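User: I would like to learn how to read the features of a protein model. Please take them one at a time.

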Amino acid sequence: MDILIIDDDPFVCASLQTILQVQDDIEVLGTGTSGQQAVELYRRYEPDILLIDIQMKGMTGLEAARQILAQWPLARILFLTTFSDNDYIRDALQMGAKGYLIKQDIEAIAPALRAVYSGQSVFGDEVVHKLPDLMGAPAGPDLSGFQLSEREREVTELVALGLSNREIADRLFLSEGTVRNYLSAILEKLDLRDRTQLAVFYYRQK
């Protein structure tokens with residue numbers, strides 16, 4: 001996959017390029033240090049994925065992403081930032097970003113890029129835990145069109161609320177193994193990889 005890296009710190013750009021360039025399936029087409037450069041480089045290369053920071057001088061990463069998505073609605077944009085600010089996360093979700101990662105989890109970046117490239121959405125654990133407050137509403141989404149049983153829909157909702165398998169088992173009076181089986185079946189039906197993606201899927205149906 002071809003990617004662009006945008007971060008206001010040139011050292012971060014160089015470090016990410018070094019880390020990712022050694023991956024056999026990742027080609028770094030270029031790097032930039034501003035939102036304006038992100039738009040210009042995207043126009044020049046039209047990469048598979050744009051990996052971009054949020055806070056930058058002048059045009060922010062969020063502003064650049066909006067401009068890019070306005071011209072290329074199918075653009076895959078993955079935010080990589082040190083900020084887990086609720087407003088930033090909400091904006092990223094609402095504009096259609098494919099992911100939001102916190103920089104401290106460097107090892108997760110390459111797998112996240114592969115997931116986004118394959119059509120999935122990726123959000124770090126710290127972000128997923130905020131989703132109920134950021135995106136939630138009293139009424140749950142309508143999941144009737146996804147061939148989930150009533151019990152599977154209950155498990156999905158509790159995963160989205162951040163409960164562990166043990167907590168879900170206690171809530172639904174099931175064994176922990178049964179919850180794991182339900183979760184595996186749900187992920188297979190929805191073609192999702194893990195509970196993080198399931199939580200994101202849930203809130204995007206609202």
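User: At what angle do helix α2 and helix α3 pack, and how far apart are their axes?

Analyst: Before the answer, some ground rules. This is a predicted model, in which local features need pLDDT of at least 70 and side-chain atom pairs count only at pLDDT 80 or more, while totals for chains, interfaces and linings use all residues. Residues are numbered from 1 along each chain as its sequence is written, and side-chain values use heavy atoms, with hydrogens and water left out. Now the general idea: two packed helices are described by the angle between their axes and the distance between the axes. Axes are lines fitted to C-alpha atoms, for helices over the stretch in contact, and angles run from 0 to 180 degrees between N-to-C directions. Helices (H or I, at least four residues) and strands (E, at least two) are DSSP runs, numbered from the N terminus. Here α2 covers residues 35-45 and α3 covers residues 61-71; they pack at about 25 degrees, with axes 8 Å apart.

User: What name does the arrangement of α2 and α3 get?

Analyst: Angles under 35 degrees count as roughly parallel, over 145 as roughly antiparallel, 65 to 115 as roughly perpendicular and the rest as oblique. The helices α2 and α3 are therefore roughly parallel to each other. From α2, the residues G35, A38, V39, Y42 and R43 make the contact (heavy atoms within 4.5 Å), and from α3 the residues A64, Q67, I68 and Q71. By class, these residues are 5 nonpolar, 3 polar and 1 charged. For the classes, Ala, Val, Leu, Ile, Met, Phe, Trp, Tyr, Cys and Pro count as nonpolar, Asp, Glu, Lys and Arg as charged, and the others, Gly among them, as polar.

User: At what angle do α8 and α11 cross?

Analyst: The axes of α8 (residues 150-160) and α11 (residues 195-204) come within 8 Å and cross at roughly 100 degrees. That makes α8 roughly perpendicular to α11. On the α8 side, T156, E157, V159 and A160 take part, and they meet R195, L198, A199, Y202 and Y203 of α11. This contact has 6 nonpolar, 1 polar and 2 charged residues.

User: Is K103 buried or exposed?

Analyst: Buried means under 20% relative accessible area, exposed over 50%, and partly exposed in between (1.4 Å probe, protein chains only). K103 has 15% relative accessibility and counts as buried. This lysine is in the loop between β5 (99-102) and α5 (109-117).

User: Which side chains make polar contacts with the side chain of K103?

Analyst: A polar contact is a pair of N or O atoms within 3.5 Å; within protein, one must be able to donate a hydrogen and the other to accept it, and residues adjacent in sequence count only if both atoms are side-chain atoms. The side chain of K103 has such a contact with the side chain of D7, at 2.6 Å, and another with that of D53, at 3.4 Å.

User: Where does D53 lie?

Analyst: D53 is in the loop between β3 and α3. With 4% relative accessibility, D53 counts as buried. D53 and K103 are 50 residues apart along the chain, and their C-alpha atoms are separated by 9.3 Å. The side chain of D53 also has a polar contact of 3.3 Å with the side chain of T81.

User: Which residues of α4 are buried?

Analyst: In α4 (residues 86-95), the buried residues are Y88, I89, A92, L93 and M95. R90, found in α4, is partly exposed, with a relative accessible area of 25%. Just after α4, G96 takes a positive phi of about 100 degrees.

User: What is the phi of E46, and what is that of Q147?

Analyst: Most residues other than glycine have a negative phi, and most peptide bonds are trans. E46 is not a glycine, yet has a positive phi of about 45 degrees. E46 lies in the loop between α2 and β3 (49-52) and counts as partly exposed, at 48% relative accessibility. Q147 has a positive phi near 60 degrees. Q147 is in the loop between α7 (131-135) and α8, and at 68% relative accessibility counts as exposed.
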